[in-house]
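Here's a quick briefing to read alongside the model. Have the viewer open and follow along.

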Amino acid sequence: MAAKYCADCNIVKIVNQFEIVGSEKRIPDAILFVNGLPLVVSEFKSAVREEATVFNAYEQLTVRYRRDIPQLFVYNAFCVISDGVNNRAGSFFAKYDYFYAWHRVEFGDRRIEAEGIESLYSMIQGMFNRKRLLDIFKNFQYFPDSSKKEQKVLCRYPQYYAARSLYENICKARKPHGDGRGGTYFGATGCGKSFTMLFLTRLLMKSLEFKTPTIVLITDRTDLDDQLSGLFTASKKYIGDERVESVESRADLREKLQGRKSGGVFLTTIQKFSEDVELLTDRDNVVCISDEAHRTQTNFDQKITVTDKGVKTSFGFARYLHNSLPNATYVGFTGTPIDATLDVFGPEVDIYTMTESVKDGITVPIVYEGRAAKVVLNNSVLEEIEKYYEEAAEAGANEYQIDQSKQDVAQMGVILGDPDRLKAVAKDFVAHYEARVQEKSTVRGKAMFVCYSRQIAYALYKNILELRPEWGVAKICDDAEFAGEAVELTDKEKRELKPVEKIKMVMTRSKDDEKELYDLLGDKDARKELDRLFKQERSNFKIAIVVDMWLTGFDVPCLDAIYIDKPIQQHSLIQTISRVNRTFAGKDKGIVVDYIGIKRKMNLALKQYGAGSEQNVEDITAAITEFRNHLDLLDKLMYKFDASAYFKSTGNGAELKKLECLKQAQEFVQTTKEKEARFMGLAKRLKAAYDICVGNEGITQAERDRAHFYFAIRSILHKLTKGNAPDTAQMNARVREMIASALQSEGVEDVLQLSDAEAEQAKQNIFDDEYLQHINRIKLPNTKIKLLQMLLQKAIGQIRKVNKVKGVNFTQKMQQLVEQYNDRTEQDILKSEVYEEMAETLTDMIVQVRKAFTEGEEKGLSFEETAFYDILKSLCVKYHFTYPEDKLIALSKRVKILVDEQAAYPDWDKRDDIKSALKVDLIILLDEFGYPPVERDEVYGEIFEQAENFKKGR
């Protein structure tokens, strides 16, 4: 009799320092095996070594291990990276930004405020709980049915606990024993609710309780329906049901459900349930999952309409839905729960707030900037708008509970649509937007402007084009202003990007529209194309003017500014401002610019729907305060430095004086390693604060000039240490030119322009005596040492490509010198001999590297042959054996010839057969020469490593 399967019978082992041999021997820090399968690979970096970061762990896994031991990841579920302070898990195929911490342990817990080593404990206790870990392996790693790229999604902790909790609650709520209310999930907008629905759908489909249920996914907007349809129809294998379909109409759904006893996933909108009370099915193994369950999906109200034909009674969409599927279990997903949501779907089963989402790095904080005072005509206007808000609130938030007076609406249109006011709004918007673009305070220049009505949107559009007619010219891409210089389009971008104007209105047409507006808006296909282009970060389409469209369920990660000129309240306001909270590289915060006075309503909405999330929408004044605080700290750090030549020089020769001052300033900052690190950190945070408040008039021109002075210093130092200056694109043109001059005058650019790809030319330049003398003539000691370090690093990089032994040896020597330099003190700046000695030592080492390229010539060996001679000779010393010199020279030449023959194949590094052939041929050759004369398997391994290194360098 076969033994019954038991989950507890799985053999789970964690093994550290497990050696794996592929094209190279690699030793991952820890591997978790389940029944012998390596399912989790972990890489740890030291918490006490400043240069060892969690990103280094990520690179080691996804670059080095992927290249050298890919077979380890055939069965991999996910990876863990840690440096003791930051502890994250993610899919092997995921970008670094999609590795996340695990901040919850038990169901029902809230986010654990654990940092550092404590967050590693929460991950081990939460994610690596034996039962949960096996559940994640089985149900919470998602592959699409097909994809053009390697893609796998690992659940984040809020998605896991939400999906599991909802599943358990649905089982309890199932009719006839339950009340059919499966529960409400409150997840912050932007936290990945679509994937939580997908994980839940799989759990339901695989459950023994429901025995393959029918699942109906319901949204209240076509764009949300399209978004979910795209995800779910590409996930049939993961869900476990081939019948995943969008429903065209109520009749279509009835046809699909007729005769069906189980199975099927159907996506539809709530509106398709209107005006029909006929039963669709009375089965109890039907689960309805509602997205954005705070709007039309909670409305059961009766409405009576009196017409010429008599009295007509109708009901809210939700009544029709529940009458059609009376025994179904209903589940609600929402980012803004209201009381009606809980009444219809049941109590909150799990919560994930905006605060938690920001802390976990899943969304970014939002900054509020009020600019209503810039555009109103008189104080009574704001009072009128506030009155409108109050009356709407008293009437109730649900559109079916409000019979809003057309007169009130018309009056609001008159106020907001006043021609003089709209001119002021357009002028202020253009100035604010351009300030952010010119200062490179926006990641891609994407902005959304929300208007009160279609007529107002059109009037604003025309006013903006009057000020900037060039924004109405169609182009494919014009992002030089965002990157600092024009960037070549990739082949993919050339295929996907189309000519489009910089500013467009996104609204539906009306049959009564005038011809020009009608043509500008386009049809449904045109709007779909605008949707696609706005999401393309390099598309010329930068500014979208909207009224109702794109305010929910529309994700553009690089969108970082939304301008609001429309009374919006309660959950709709939260949805609207959340358009700018998605994460994107270089985006620290999203900004909400208010032209109508929504701040009080926004705070109330955040308090009501955000569960304490109001702290994540900070006022622009906080950013200004932060900017000034960091400016003050930098002033204090630099108080001994006289910068008057930079700020006060005028007339002929002023620019040269400013340039010299800038060069002396960056030298001053390098007085000690501690001062340099402090300056770089403060300047970076200053820039982050400045990016937020750059368009605000609260910052004086003098403050802006001081900030740019510090940005310029940081850029020069960054280039001296990292080889590039990312912030230079974020300077105004004058400062940018000054930085370029400073770099050029000190010879930095000459060093940086040495191309690693042009090895021979680079070697000649690196080792040119005149070039070294040029660097040693530089008067600024710290700048000179940084340049010599960079030059030496390039030289060692050249030799290490071919000769691993010498490369490692020189690297270790250089590291000792760098550490010695980093230990400099304030007093050392007064001792010129300290700097001269360091510069002389670095120059001597560069000369040593130069000699290393030719030292084999006296033995009759080329540079490449010397690389093999060095490894063979070093092994003699390491393993304590002797070998004749003449045979060693001959063997070095033969090994080089053999490796050259194998390297003739362009794809050798991807072909295991070529690698295996090389190893076999090397073993035979070494045996022929009687090397090594002792039995040491490690010797072969190190020779193979040098051979692989040589081939890669070739």
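Is aspartate 135 buried or exposed? At 11% relative accessibility, aspartate 135 counts as buried, where buried means under 20% relative accessible area, exposed over 50%, and partly exposed in between (1.4 Å probe, protein chains only). Keep in mind that this is a predicted model: local features need pLDDT of at least 70, side-chain atom pairs count only at pLDDT 80 or more, and totals for chains, interfaces and linings use all residues. Residues are numbered from 1 along each chain as its sequence is written, and side-chain values use heavy atoms, with hydrogens and water left out.

**The big picture**

- The protein has 37 helices and 25 strands; these are DSSP runs numbered from the N terminus, with helices being H or I of at least four residues and strands E of at least two.
- Of its 954 residues, 54% count as buried.
- Take the contacts (heavy atoms within 4.5 Å) with a separation of 6 or more: 73% of them are between residues 24 or more positions apart.

**Salt bridges**

- The count comes to 39 salt bridges, each being a side-chain nitrogen of Lys or Arg within 4 Å of a carboxyl oxygen of Asp or Glu.
- Aspartate 68 pairs with arginine 26, with the closest N and O atoms 2.8 Å apart. Aspartate 68 sits in helix 1 (residues 54–68) and arginine 26 in strand 3 (residues 25–26), so the pair ties together parts that are 42 residues apart in sequence. Both aspartate 68 and arginine 26 are buried.
- Glutamate 106 and arginine 132 meet in a salt bridge at 3.7 Å, N to O. This pair links distant parts of the chain, 26 residues apart: glutamate 106 is in the loop between strand 7 (87–90) and helix 2 (117–126), and arginine 132 is in helix 3. Glutamate 106 is partly exposed at 39% relative accessibility, while arginine 132 is buried at 5%.
- Back to aspartate 135: its partner is arginine 164, with the closest N and O atoms 2.7 Å apart.
- Arg243, Glu245, Asp252 and Lys256 are joined in a network of salt bridges.

**Buried spots**

- Asparagine 139 belongs to helix 3 (residues 130–139) and counts as buried at 5% relative accessibility. Leaving out residues up to four places away in sequence, asparagine 139 touches Arg164, Phe199, Arg202, Leu203 and Tyr238.
- Helix 20 (residues 570–577) has 6 of its 8 residues buried, so it is largely enclosed by the rest of the structure. Among those buried residues are His571, Leu573 and Ile577.
- Glycine 178 lies in the loop between helix 4 (157–173) and strand 10 (181–187), and is buried with a relative accessible area of 19%. The C-alpha atoms of glycine 178 and threonine 329 are separated by 8.9 Å, although the two residues are 151 residues apart along the chain.

- Aspartate 844 is in helix 33 (residues 832–852) and is partly exposed, with a relative accessible area of 40%.
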